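Please read each numbered point with the structure in view.

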Amino acid sequence: MMPEERIRVDAKLDRLEEIIGFVEDCADRFRLEDSRKFGLNIAVEEAVVNICSYAYPDTEGMLDVACRVTDESLVIELSDSGIPFNILTLPDPETDAAIEDREIGGLGGYFIRQFSDAVSYTRRDGMNVLTLLFRRGASIELP
Amino acid sequence: MEFQIQKETAATVVAVIGRMDAVTAPEYEKKLAGMMDEGEKNFIIDFGKLDYISSAGLRALLMTGKRVKNLGGLMLLANIGGAVKDVFAISGFGTIFPMHDTVQSALGAAEE
C-alpha cells in the first residue's frame, strides 16, 4: 500500500481549486481513467461545498483531505470538525419534476452517490468523516 | 469562466466557456441577470465549450431559467456533449430545458 497523502485547508470555497488539484494528482497516481475524473471532481466538489455550508454554517474551520491509493481503489477522506452533518441522509431530489416545481439544491448528496463507487459517513473523535471510494474500470450508470 | 455573447434577432446567444462550479456559477447568474435587467428575455446558452458542470452550475441554470420563465422569455440550451451531458441526464435537467444539438437549431426554434 502506498503512503497516505493529506492536505489541510480552510473550509472555504476559494480553496476548492487547490483541493480538486490535490485529488486529481492522487487520481493520476492511481491511474483512474480520464472519463471518471469528471465524476471524481464532481463528488469531491459537492462534498466540499456541503461541508463549507452545513458543517461550518456560522463559523470558519479546517478541512482535511486525505488520499489513499491501493492496487484496487482510490480512497478520498474528507474530515472536518464542524457540527455533525451527514450529507448522505439528505433525500434524493425529484429528478423528473418540471421547472416550476424543481427545488433549488438537493443534488449534492445525490451526485456524490452517483459518481463514486462507494461512500460512507461516520462521526469520529468529534469530526465528520466522509469517505469516497473509486475503482478503475467502473462506470457510472445513466438513467 | 468566460462568455462570448452574440445578439441575434430571436435571442441572445451566450457561449459559456470553461467550468461552471461552485466558485464560478455566480458569475453566470450575474451575467444573465445583467442582460435581463437590460431587457433581454430570450437566451440560447451554448455549452459547446463548457468543460465541467456541478450541482452549483445546474442551480444557477435553474435560477436564471425560472426568472426567464417569469419574464415570459425563452431559455434554450445548445451543444451539450460529453460528460456535461451525463450530468444533465443523471440530474434530470435534460427534461427541464429544451436542448438542441446546435445553436442554429436553437435559433430556428426561438424564431417560431
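**Note on chains A and B**

1. In chain A, the mean positions of the 15 positive and 29 negative charges are 7 Å apart. Lys and Arg count as positive and Asp and Glu as negative, with His and the chain ends not counted; the place of a charge is taken as NZ of Lys, CZ of Arg, CG of Asp or CD of Glu. Chain B carries 11 positive and 14 negative side chains, and the centres of these two sets lie 6 Å apart.

2. On the basis of the note: this is a predicted model, in which local features need pLDDT of at least 70 and side-chain atom pairs count only at pLDDT 80 or more, while totals for chains, interfaces and linings use all residues. Residues are numbered from 1 along each chain as its sequence is written, chains are lettered from A and ligands numbered from 1 in the order in which they are written, and side-chain values use heavy atoms, with hydrogens and water left out.

3. Chain A has 3 helices and 5 strands. Here helices (H or I, at least four residues) and strands (E, at least two) are DSSP runs, numbered from the N terminus. Read from the N terminus, the order of elements in chain A is β-α-α-β-β-α-β-β. The radius of gyration of chain A is 15 Å, close to the 15 Å that the globule rule gives for 143 residues, so chain A is as compact as a globular protein of that length. That radius is taken over C-alpha atoms, and the globule rule is 2.2 Å times the number of residues to the power 0.38. The C-alpha trace of chain A spans about 50 × 40 × 25 Å along its principal axes.

4. Of the 143 residues in chain A, 49% are buried. Buried means under 20% relative accessible area, exposed means over 50%, and partly exposed lies in between (1.4 Å probe, protein chains only). Chain A exposes about 7200 Å², and carbon and sulfur atoms supply 47% of that area. Such areas come from the Shrake-Rupley method with a 1.4 Å probe; for residues, only the protein chains shown count as cover. Among the contacts in chain A with a separation of 6 or more, 69% are between residues 24 or more positions apart, where contact means heavy atoms within 4.5 Å.

5. Helix α1 of chain A (residues 16-30) contains Phe22(A). Is Phe22(A) buried or exposed? With a relative accessible area of 11%, Phe22(A) is buried. Leaving out residues up to four places away in sequence, Phe22(A) touches Glu5(A), Arg6(A), Ile7(A), Val65(A) and Cys67(A). Tyr56(A) is 34 residues from Phe22(A) in sequence, and their C-alpha atoms are 22 Å apart.

6. Arg31(A) lies in the loop between α1 and α2 of chain A. Its relative accessible area of 59% makes Arg31(A) exposed. The phi of Arg31(A) is near 60°, a positive value in a residue other than glycine. As background, most residues other than glycine have a negative phi.

7. Helix α2 of chain A (residues 34-55) has 22 residues, which at 1.5 Å a residue should span 32 Å; the end C-alpha atoms are 31 Å apart, in agreement. The expected span is 1.5 Å times one less than the number of residues. This helix, α2(A), is mostly covered, with 18 of its 22 residues buried.

8. Pro57(A) sits in the loop between α2 and β2 (62-69) of chain A. At 44% relative accessibility, Pro57(A) is partly exposed. Beyond its neighbours within four places in sequence, Pro57(A) is in contact with Cys52(A) and Ile83(A). Val69(A) is 12 residues from Pro57(A) in sequence and 32 Å away in space, C-alpha to C-alpha.

9. Chain B has 4 helices and 6 strands, in the order β-β-α-β-β-α-β-α-β-α from the N terminus. A compact globule of 112 residues would have a radius of gyration near 13 Å, and the 13 Å of chain B agrees. Its C-alpha trace spans about 30 × 25 × 25 Å along the principal axes.

10. In chain B, 51% of the 112 residues are buried. The accessible surface of chain B is about 5000 Å², of which 47% belongs to carbon and sulfur atoms. Of the contacts in chain B between residues at least 6 apart in sequence, 71% join residues at least 24 apart.

11. Asn79(B) is placed in the loop between β5 (74-78) and α3 (82-91) of chain B. Asn79(B) is partly exposed, with a relative accessible area of 29%. Its phi is near 65°, a positive value in a residue other than glycine.
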